[in-house]
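Subject: Structure handover

Hi,

Here is the structure I promised to pass on. Please open it first, then read my notes below.

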Amino acid sequence: MTTTATPATLKVGVVGKGGVGKTTVSGLLARSYCARGNHVVAIDTDSNPNLGLSLGLSLSETEAVPVLPRAVLVGTGGDPSADALLSSYGRSTPAGPMLLSAIRVAAAGAGCTCSGHATVRSLLGDALTGVDVTLVDMEAGLEHLSRSGGTLAYADVLVVVCEPTRKSVITAARTDALAAELGIGHVLAVGNKARTPEDADFFVSALAAEGIALAGVLPYDAQVAAQDRAGSVGLTPVAADVQAALDVVLDAIDAAMGGRPMTKLAEPSLSNDRHR
Ligand SMILES: Nc1ncnc2c1ncn2[C@@H]1O[C@H](COP(=O)(O)OP(=O)(O)OP(=O)(O)O)[C@@H](O)[C@H]1O
Ligand SMILES: [Mg+2]
């Protein structure tokens with residue numbers, strides 16, 4: 001791949017089995033991209049939204065983020081600029097990224113979330129021009145890939161988060177197959193919550209057996225877990241080894257994309273001082 005064909009912008013979908021750490025990893029990756037000087041928009045697509053909590057917002061602030069109406073993107077008033085969209089519907093977060101909320105279930109029996117998924121598809125398609133990194137935290141499972149058109153069809157890369165379980169790797173393999181059908185160019189796994197060297201080795205061997213590239217391994221971090229319990233992830237820097245692992249993941253994504261402006265390139269590695 002040549003660097004001249006590489007887009008200056010990056011659109012990342014964060015997917016995976018339920019509870020593996022998609023929202024936590026989305027928040028950590030988004031703020032790491034910010035720390036590298038990028039203009040970052042994080043989109044919460046979970047019908048039970050909590051990405052704001054992983055970006056340093058309180059529960060009430062997270063719940064106050066307005067859901068982006070579909071009509072804004074398909075209305076008759078012409079295409080809104082990214083700046084206009086973000087100033088009306090985006091919310092700044094203490095962690096740095098701008099947060100958009102695309103889907104929320106506010107009442108029992110309120111109907112399906114199809115229009116929210118279509119909104120995300122449009123956002124990734126052409127609505128957020130000028131944003132350096134758009135990162136989408138998806139709901140668990142595979143439905144977003146099987147929907148008509150595919151919610152993440154315009155993503156450049158899917159980051160499929162795994163935990164050290166066979167089931168999460170099976171979900172990654174199913175994701176990889178569907179992503180190929182949608183024409184999504186890159187699927188990279190992130191091993192999360194590794195507690196032991198055996199966990200890290202499991203990610204390497206199990207994902208290699210499925211033909212899925214491993215972008216990096218994040219340790220199970222007691223501070224991240226404690227901050228999540230307190231509802232305050234994103235307010236303080238993570239431990240140095242966690243940040244180093246996040247930087248390995250960002251570098252691997254950049255390398256897969258052939259290198260982008262504004263971020264440095266480095267060879268991906270699995271070094272993890274805590275476990276090696
Ligand atoms: N690296 C980590 N170290 C410690 N705890 C973690 C780590 N990553 C995630 N967790 C914890 O795992 C739990 C699930 O995380 P999270 O909510 O991010 O998962 P999810 O995949 O988004 O879940 P869902 O499928 O419900 O959307 C949380 O308690 C979170 O604090
Ligand atoms: Mg989540």
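The protein chain has 10 helices and 8 strands. Keep in mind that this is a predicted model. Of the chain's 276 residues, 50% count as buried. Look also at contacts between residues at least 6 apart in sequence: 78% of them join residues at least 24 apart.

How far can you trust it? The mean pLDDT of the protein chain is 83. A value of 70 or more is reached by 81% of the residues. Two stretches need care. Residues 1–6 stay under 50 in pLDDT, and the model gives them 9 contacts beyond four places in sequence. Residues 262–276 are also below 50, with 39 contacts beyond near neighbours in sequence. Where pLDDT is low, the predicted coordinates should not be read in detail.

Now the sheet. In what order do the 8 strands lie? Follow E3-E4-E2-E5-E1-E6-E7-E8. The sheet is open and its pairing is mixed. Strand E3 (91–92) and strand E8 (213–219) stand at the edges. Each has a single partner strand, so one side of each is left without a neighbour in the sheet.

Zoom in on one pair. Strand E1 (residues 10–16) runs parallel to strand E5 (residues 133–137), and 5 bridges join the two. Gly-13 stands opposite Val-136 in E5.

Helix H7 (residues 166–182) lies across E1, strand E6 (157–162) and E7. H7 runs at about 165° to E6.

Now pick out one residue, Val-217, in strand E8. Is Val-217 buried or exposed? The cut-off for buried is 20 or more other C-beta atoms within 10 Å. Val-217 has 28, so it is buried. Val-217 and Cys-162 are 55 residues apart along the chain, yet their C-alpha atoms are separated by 9.3 Å.

Last, the ligand. Which residues come nearest to ligand 1? Of the 17 residues around it, they are Gly-21, Lys-22, Thr-23, Thr-24 and Asp-228. The shell divides into 6 nonpolar, 6 polar and 5 charged residues.

Best wishes

Technical notes
Residues are numbered from 1 along each chain as its sequence is written. Chains are lettered from A and ligands numbered from 1 in the order in which they are written. This is a predicted model: local features need pLDDT of at least 70, side-chain atom pairs count only at pLDDT 80 or more; totals for chains, interfaces and linings use all residues. pLDDT is the predictor's confidence in each residue, from 0 to 100. Two residues are in contact if their C-beta atoms, placed from the backbone, lie within 7 Å. A residue is near a molecule or strand if its C-beta atom, placed from the backbone, lies within 6 Å of it. Ala, Val, Leu, Ile, Met, Phe, Trp, Tyr, Cys and Pro count as nonpolar, Asp, Glu, Lys and Arg as charged, and the others, Gly among them, as polar. Helices (H or I, at least four residues) and strands (E, at least two) are DSSP runs, numbered from the N terminus. A residue is buried if 20 or more other C-beta atoms lie within 10 Å of its own, exposed if 12 or fewer, and partly exposed in between; C-beta atoms are placed from the backbone. Two strands pair if DSSP finds at least two bridges between them. Axes are lines fitted to C-alpha atoms, for helices over the stretch in contact, and angles run from 0 to 180 degrees between N-to-C directions.
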